[in-house]
Amino acid sequence: MANTAELTVDGKSYSFPTLEGTEHEKAFDISNLRDQTGYVTLDRGYKNTGATKSAITFLDGEQGILQYRGYAIEDLAAKASFLEVAYLLIYGELPTKDQYSQFETSIRRHTLVNEDMRKIFDGFPVKAHPMGVLASLVSAMSAFYSDLEGAEGDKTDLHIIRLLAKLPTIATWSYKRSQGHPINYPKNSLDYIPNFLNMMFSLPVEDYKIDPVVVEALNVLLILHADHEQNCSTSTVRLVGSSQANIYSSISAGISALWGPLHGGANQEVIEMLEDIKADGGDVAKYVDMAKNAKTTGFRLFGFGHRVYKNFDPRAKIIKKAADDVLSKLGINDPVLEIAKGLEEAALHDDYFVSRKLYPNVDFYSGIIYRALGIPTNMFTVMFAIGRLPGWIAQWKEMREQKEPIGRPRQIYTGPTLREFVSLENR
Ligand code: ACO
């Protein structure tokens, strides 16, 4: 492979170094483009822009490959626990037994949230969307744990533990209040996922029995969501963090980015769409037609299409199988699962979707599992956020350790050129 790229602009030639990643993806290094040529690049939506070098997650959208730190997503989903994967993403290697036990114990001991945070929470309307509440409360954590603000090294590790430990606790508050039920405190005797389930579903009036089928299903879902390289929310976390904003503010910004329906918010949209199709008589073909005419109908098939995957989303494959397994193990017959399968089948054989390489993404079947586990629709994106947290943390940490410069894109200005100011009385 040539190690320079030649560019001719205004009759002059310039050369730029090329580089290749460990999995052979290639790039032109244009860091000096503007200095040398006076030009910048225009790449709306960053479809061709590598914003960083990263050693965390590799994905190949053409072949449908996803790996965390070199481990195949299929292996991790089948064999690892969510906290092992969190450790792998954040610290680069699978933990030894001692490292795991230390990491897990620290998280277990930090699940309690400052009681004054509850006063902020109590100020939110009961009907507030849990994602807005989550983003606000994570941002508020920077005020409660400000003793460590801007700290590096060991203290960063403490922030990391606090975030991993407290996010599930805060997440359950919104659900409890929406039900008119008292909030549950975490229990140090419980593992990470059982603790979350207990805070979500146990009531003072009766014991909650933790079902291992539910724990296993959530473990897989959280692992599948744990990182996805430079997606919208992760890029947001890195961009905010590049100004040296603290980790809580950076993660809070990532939660806000995730909430959007074109990103993590799609899991809520999918189930609402499937419900609409069911209520409308289950006519899948009608909705496929509407999606094909997206330009006039404004309707997209949520859970379909991906910026990077142009073959299939490997996470969707695992989730589809998990949806079948979980529903059958729990003895649930959910008609929207059949509608989802019908929709997938119809779309995969339709030239509109085939030619645009639109396949089901991670969000297409995840909502069906969440629903089977008793998690309400408006909490789906919160579940995604709990899963994505280790990835955001790992990317924030890497960005800091690589001492990346502040993120600051350029633009092509298209507004008015210099004009004379006319005072108010003359306008
Ligand atoms: N339904 C119908 N048509 C679609 C869909 C869809 N879900 N997705 C893309 N298209 C069409 C577009 O209209 C466009 O058609 P055209 O070439 O005739 O103009 C073409 O496919 C390319 O689509 P873009 O929007 O340009 O692709 P982009 O890479 O920018 O968008 C995205 C990717 C945002 C995921 C898009 O596919 C989408 O909106 N999907 C639905 C929302 C969704 O499921 N988001 C979750 C993604 S996974 C995640 O973030 C966790």
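A nitrogen atom of the ligand is 2.9 Å from an N or O atom in the side chain of Tyr352. The ligand exposes 920 Å² when taken alone, and the protein buries 80% of that area. The model is predicted.

**Ligand site**

- The ligand is surrounded by 21 residues, and the closest are Lys295, Arg300, Leu301, Gly303 and Arg307.
- Arg307 places a polar side-chain atom 2.8 Å from an oxygen atom of the ligand.

**Sheet β1-β2-β3**

- Three strands form this open sheet in the order β1-β2-β3, with antiparallel pairing.
- Strands β1 (4–9) and β3 (26–28) stand at the edges; each has a single partner strand, so one side of each is left without a neighbour in the sheet.
- Neighbouring strands of this sheet are turned by 30° against each other on average, with direction ignored.
- Strand β2 (residues 12–20) is joined to β1 by 6 bridges, and the two run antiparallel.
- Val9 stands opposite Lys12 in β2.

**Sheet β4-β5-β6**

- A further open sheet has 3 strands in the order β4-β5-β6, and its pairing is antiparallel.
- Its edge strands are β4 (57–60) and β6 (71–72), each of which pairs on one side only.
- Strand β5 (residues 65–68) is joined to β6 by 2 bridges, and these strands run antiparallel.
- Tyr68 stands opposite Tyr71 in β6.
- In general, strands of a sheet pair through backbone hydrogen bonds, either parallel or antiparallel.

**Gln268**

- Gln268 is found in helix α12, which spans residues 266–279.
- Is Gln268 buried or exposed? Gln268 counts as buried because its relative accessible area is 15%, and the cut-off for buried is under 20%.
- Leaving aside neighbours within four places in sequence, Gln268 is in contact with His129, Thr377, Asn378, Phe380 and Thr381.

How values were computed. Residues numbered from 1 in each chain as written. Predicted model: local features only at pLDDT ≥ 70, side-chain atom pairs only at ≥ 80, totals over all residues. Heavy atoms only, no water. Helix = DSSP H or I, 4+ residues; strand = E, 2+ residues; numbered from the N terminus. Buried < 20%, exposed > 50% of the residue type's maximum accessible area, 1.4 Å probe, protein only. Contact = heavy atoms within 4.5 Å. Pairing = 2+ DSSP bridges. Axes fitted to C-alpha atoms, helices over the stretch in contact; angles between N-to-C directions. Near = heavy atom within 4 Å. Polar contact = N/O pair within 3.5 Å; in protein donor to acceptor, adjacent residues only side chain to side chain. Areas by Shrake-Rupley, 256 points an atom, 1.4 Å probe, with all protein chains shown as cover.
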